[in-house]
Structure formats: structure tokens, C-alpha cells
Amino acid sequence: MTDDLLSKITVNDNNKLAFANGSISRTQDEKEQIIQNAAAAYEKYMDALGFDWRSDPNSADTPRRVAKAFVNDLAAGCYNDPPNITTFDNVDQYDGLVFQGNIKTNSFCSHHHLPFIGQTHVAYIPGKDGQVIGLSKLNRIVEWYA
Ligand SMILES: [Zn+2]
């Protein structure tokens with residue numbers, strides 16, 4: 001794991017890893033409980049909006065689908081451990097651009113909680129006496145932060 005990632009991780013009062021954005025790694029049982037709580041809250045939200053969603057067979061399970069989408073996909077990085085990132089000595093003293101592009105990215109905006117799908121591009125220039133990171137690790141970092 002990079003020093004930068006480590007610097008963003010703390011331990012909360014429950015002795016679980018917490019991250020700079022308030023994320024906490026959760027067990028599968030905890031995630032299921034969060035999904036159930038969020039689904040129940042989303043039912044009330046849809047009621048408050050005046051939707052007759054219970055009468056629409058297409059919407060009957062929408063609260064649970066929405067909750068699962070946030071926990072398992074859109075906000076997955078908020079509930080999962082950070083990726084295990086290893087770096088390597090730059091033995092070839094490569095100092096050119098390292099680029100990983102078109103990383104599929106799913107997340108949601110923090111202002112409206114509306115989902116977005118896009119691509120992320122990451123590039124860096126390693127120091128000749130520094131460390132390099134595997135390209136696949138860049139994908140995992142992006143997925144976790146998204
Ligand atoms: Zn927005």
C-alpha cells in the first residue's frame with residue numbers, strides 16, 4: 001500500500017479502519033443490515049415524494065434495489081477494505097510517463113446522490129530512485145476511491 005493511502009486511514013472508536021471520507025470497512029452481515037435499514041428509509045422517502053410505488057409491480061422492490069446499488073456498487077469503497085497495494089523499486093530508473101486509461105468508474109455525486117458512470121485516467125512519473133506500482137493496482141485504487 002502506498003504511503004499516501006496509509007496516511008488517509010485511521011482506526012475509529014470501534015477499532016475498525018476508517019478512511020478520510022468517513023468510510024468504515026464492514027463485514028458482510030453489517031452490509032446486509034445497512035441495506036435493510038437503507039431500504040426501509042428509502043420506502044419512506046418514496047412515500048414522502050408521493051409515489052404510489054407499492055401498486056407498481058416494477059417498483060415493488062425498488063427500495064432494496066437502490067440500497068443494494070449504493071452498498072455493493074456505487075459506494076462500495078465506503079464499506080470495503082482499501083486495496084492491498086504493493087510497490088516496487090524502480091530498478092530500471094524509468095522516469096517516463098506511466099499511464100493507465102479508460103478505467104471504468106461507477107459512483108455518485110455527493111451533492112445529489114445521483115449515479116454517474118465514466119472512465120478515469122491516471123498517470124504519474126516515477127522518480128528514478130523511487131517506487132513504481134503495477135498498472136492493475138491503479139484500477140483497484142480508482143475503484144475503491146470512486
Ligand atoms: Zn450532483
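This is a predicted model: local features need pLDDT of at least 70, side-chain atom pairs count only at pLDDT 80 or more; totals for chains, interfaces and linings use all residues.
**The core**
- The largest nonpolar core is made of 7 residues: Ile35, Val66, Ala67, Phe70, Val71, Leu74 and Ala75.

**Helix H3 itself**
- If you look for the buried residues of H3, you'll find Pro63, Val66, Ala67, Phe70, Val71 and Leu74.
- Those buried residues are covered by, among others, helix H2 (28-48), strand E4 (98-108) and strand E5.
- From end to end, H3 spans only 16 Å between its end C-alpha atoms, while a straight helix of 13 residues would span 18 Å.

**Where H2 meets H3**
- The axes of H2 and H3 come within 8 Å and cross at roughly 130 degrees.
- That angle is why H2 counts as oblique to H3.
- On the H2 side, the contact is made by Lys31, Ile34, Ile35, Ala38, Ala39, Tyr42, Glu43 and Met46.
- On the H3 side, the contact residues are Pro63, Arg64, Val66, Ala67, Lys68, Phe70 and Val71.
- As for handedness, H2 and H3 make a right-handed crossing.

**Out on a loop: Asp129**
- You'll spot Asp129 in the loop that links strand E5 (115-124) and strand E6 (131-133).
- Asp129 is exposed because it has 9 other C-beta atoms within 10 Å, and 12 or fewer counts as exposed.
- Asp95 sits 34 residues from Asp129 in sequence, yet their C-alpha atoms are 9.3 Å apart in space.

Methods. Residues are numbered from 1 along each chain as its sequence is written. Helices (H or I, at least four residues) and strands (E, at least two) are DSSP runs, numbered from the N terminus. A residue is buried if 20 or more other C-beta atoms lie within 10 Å of its own, exposed if 12 or fewer, and partly exposed in between; C-beta atoms are placed from the backbone. A nonpolar core is a set of buried Ala, Val, Leu, Ile, Met, Phe, Trp, Tyr and Cys residues joined through C-beta atoms within 7 Å. The expected span of a helix is 1.5 Å times one less than its number of residues. Two residues are in contact if their C-beta atoms, placed from the backbone, lie within 7 Å. Axes are lines fitted to C-alpha atoms, for helices over the stretch in contact, and angles run from 0 to 180 degrees between N-to-C directions. Angles under 35 degrees count as roughly parallel, over 145 as roughly antiparallel, 65 to 115 as roughly perpendicular and the rest as oblique. A crossing is left-handed if the near helix is turned anticlockwise from the far one by less than a right angle, and right-handed if clockwise.
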